Amino acid sequence: HTYNTHKPHAQRLSMAAELPQKRFYRQRAHSNPHSDHCFNYPVRPDLYDWTSHYPERPGQDVEFVDVGCGYGGLLVELSPMFPSNLMLGMEIRVKVSDYVNDRIIALRQQHKGEYQNVSVIRTNAMKHMPNFFRKAQLSKMFFLYPDPHFKRGKHKWRIINPTLLAEYAYILRPGGIVYTITDVVDMHEWMAQCLAESPLFERLTQAELDADPIVPKLYESTEEGRKVMRNKAAGKNHGDGDIRVAVFRRLPDPSD
C-alpha cells in the first residue's frame, strides 16, 4: 500500500511541513458507492501490512474507525484524546483522502511524537470493511453526516442499513460504540431505527451521552459539521437545521 498517487502540491509539504490547503483537494460532497472504483484491499485482515500507516506502532490493532472521514477533522480531534488507541479514517474520494493523508504527515512533522496513532485509507467501506478488520476488533465506529440518499430507491445505498449492520456488528466488539450524527431528520430516524431494531445494539441513555467526552466533538470537529452550523444560522439547511445524534452500544451475541 502507498499513501498517495496524487500530490499536485507535494512541494508545499516538503521543507516547512505546512498543513495542506483544502482548495487544492476539493471534490464533490459525495461519491456513488456502487460505482466501479479501483481499490487495493487484502483478501483477509491478517494479510494487510499497517506499517506504513503507523510506523511507530508496529503490531498494534486499529480500534477506532471513522467511516467516510471527510477531511479528517474528527481524527485530528480524537488523536490526542486517545493517544494509546489507533484510529483510521476510511474515505472513498481520492482527493479528500489525499488531503487527510497530507494533513497527518504535516501534523506529525510539526508535532514530533504526536499523531502517530491516526491514519487514513482510500477504500469503499460498504464493500471492503471485513477485508481490513477481524471479528470484534473495533471499539468505536463513527458515521458523521453520511450521504442521506434522499430518493427512496437509493436508500439501500445508505451507509447504515440492515445488511451492513450485520458486518459492523461482526467487526465491533461487545461494548463497542457506534456514533451517528446528521442534520437530516429522515436520515437520523433511518439510522436510529435500523440500529434500534437490531438485536445486537442498544441505544445509549442521555446520561451516558452526557458522560461521553467524544459526543461534543461530533458536532463541529468536521468541516461538514461546521458547514451545518453556518447553514443553520443562514437558514439553508436540508431540514430544520437541528443536528441529531444517535449513539448505540454493541450487545453480546445472543448465543454467548
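User: Which residues of helix α4 are buried?
Analyst: Keep in mind this is a predicted model. In α4, which covers residues 162-171, the buried ones are Leu-164, Leu-165, Tyr-168, Ala-169 and Ile-171. They span an arc of only 165 degrees around the axis, so they sit on the same side of α4.

User: And what's exposed on the face turned away from the buried side of α4?
Analyst: Pro-162 and Thr-163 are the exposed residues there.

User: What do the buried residues of α4 pack against?
Analyst: Quite a list: the helices α3 (125-132) and α5 (185-197), plus the strands β4 (138-144), β5 (172-182), β6 (201-203) and β7 (244-250).

User: What goes on at the start of α4?
Analyst: Asn-161 has a side-chain oxygen within 3.0 Å of the backbone nitrogen of Thr-163.

User: OK, on to the sheet. What order do the strands come in?
Analyst: It's an open sheet of seven strands, ordered β3-β2-β1-β4-β5-β7-β6, and the pairing is mixed. On average, neighbouring strands are turned by 20 degrees against each other, ignoring direction.

User: How many bridges do β1 and β2 share, and is the pairing parallel or antiparallel?
Analyst: Five bridges, in the parallel sense, between β1 (residues 62-67) and β2 (residues 86-91). As one example, Val-65 has Leu-88 in β2 as its bridge partner.

User: Which strands do α3 and α4 touch?
Analyst: α3 packs on the sheet against β1, β2, β3 and β4, and its direction makes about 150 degrees with that of β2. α4 also packs on the sheet, touching β4, β5, β6 and β7, with its direction at about 135 degrees to that of β5.

User: Switching topics: how many aromatic pairs are there?
Analyst: The count is eleven. Take Trp-50 and Tyr-54: their ring centres are 6.3 Å apart and the planes make 40 degrees, so that pair is tilted. Both residues are buried.

User: Is the pair of Trp-50 and Phe-133 stacked or tilted?
Analyst: Stacked, because the planes are at 15 degrees, with the centres 6.3 Å apart. That pair links distant parts of the chain: Trp-50 is in the segment before β1 and Phe-133 in the loop between α3 and β4, 83 residues apart. Both Trp-50 and Phe-133 are buried.

Methods:
Residues are numbered from 1 along each chain as its sequence is written. This is a predicted model: local features need pLDDT of at least 70, side-chain atom pairs count only at pLDDT 80 or more; totals for chains, interfaces and linings use all residues. Side-chain values use heavy atoms; hydrogens and water are left out. Buried means under 20% relative accessible area, exposed over 50%, partly exposed in between (1.4 Å probe, protein chains only). Helices (H or I, at least four residues) and strands (E, at least two) are DSSP runs, numbered from the N terminus. The arc is that of the directions from the helix axis to the C-beta atoms. Contact means heavy atoms within 4.5 Å. A polar contact is a pair of N or O atoms within 3.5 Å; within protein, one must be able to donate a hydrogen and the other to accept it, and residues adjacent in sequence count only if both atoms are side-chain atoms. Two strands pair if DSSP finds at least two bridges between them. Axes are lines fitted to C-alpha atoms, for helices over the stretch in contact, and angles run from 0 to 180 degrees between N-to-C directions. Rings of Phe, Tyr and Trp (its six-membered ring) pair if their centres lie within 6.5 Å; planes under 30 degrees apart count as stacked, over 60 as edge-to-face and the rest as tilted.
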